[in-house]
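Let's take a friendly walk through some aromatic rings and a pair of strands. Have the structure open as you read.

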Amino acid sequence: MTDLFVFKVRMNIADLFHRSHHQEVFTAALQKAETLEHFVLKLIGFCGLSYLDSVHWLGVREKHQPDVWLENAQGQVDVAIYAGEHSLSELQKYRKQANKVVFLVSDADAWYAELAPHLIALQGISIFSLSADFVSQLASVLSRSLHWDVIIDNGVISVSDKVDYYQSEIIKLH
C-alpha cells in the first residue's frame, strides 16, 4: 500500500465463547507499509480481545510494538497479539515483553512447520491460523465498508458486512 487509508470502524461483536455482545466504534488507519491482509488480521485480533475493557489498538507502527494488546493495572502488556508471520528471534523477543503472546496468521503451515521444533522451549506463546481466502476476501471488500457484524463461536469466526458473509475456522497451531 502506498497511501494512508482511514476507516471509521463499526463492529458488532458477538463473542459467544466469552459470553459477550458489544459494539466497537473507532477510527483506524492502514499504514503506508501495512498490507490489507495484515490490517484484517489486526482487526480480527482486536475482535478476539474486545470483550475486555483494557484492549488497545496500535495506531502508529512502532518497532516491536504489538498490533493489539491488553494492559494490566500496572500498565504492563499482559497479552500481546501480533498479526502475520514472524521470525523465531522476533517470537523470542516478543515473549520477553508480555506475559502471553498470540500470533494470528493465515494459512501459515510451512512457517509453522519450520518453527514448531523451537517452540517447545517457549512458554506463553499461542498461534492461531485463519483461512487465507477468508482474510483476502475481507481485505478485498474493505473499501466498501468497515461496518462488520462479527460472531466468534466454537473455533469459528464469521463476518458479515451487510452485503456478503465470510467464515473461517480458527485453528490453534500452538
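## A stacked tyrosine pair

Tyr 82 is buried, with a relative accessible area of 3%, and Tyr 94 is buried too, at 4%. Here buried means under 20% relative accessible area, exposed over 50% and partly exposed in between (1.4 Å probe, protein chains only). The ring centres of Tyr 82 and Tyr 94 are 3.8 Å apart and the planes are at 5°, so this pair is stacked. Tyr 82 sits in strand S5 (residues 77-83) and Tyr 94 in helix H2 (residues 88-97), 12 residues apart.

Rings of Phe, Tyr and Trp (its six-membered ring) pair if their centres lie within 6.5 Å; planes under 30 degrees apart count as stacked, over 60 as edge-to-face and the rest as tilted. Helices (H or I, at least four residues) and strands (E, at least two) are DSSP runs, numbered from the N terminus.

## About the model

This is a predicted model, in which local features need pLDDT of at least 70 and side-chain atom pairs pLDDT 80 or more, while totals for chains, interfaces and linings use all residues. Residues are numbered from 1 along each chain as its sequence is written, and side-chain values use heavy atoms, leaving out hydrogens and water.

The whole structure holds 8 aromatic pairs. One of them, Phe 26 with Phe 46, is tilted, at 4.9 Å between centres and 55° between planes. Both residues, Phe 26 and Phe 46, are buried. Ring pairs also link Phe 7, Phe 26, Phe 39, Phe 46 and Trp 57 into a cluster.
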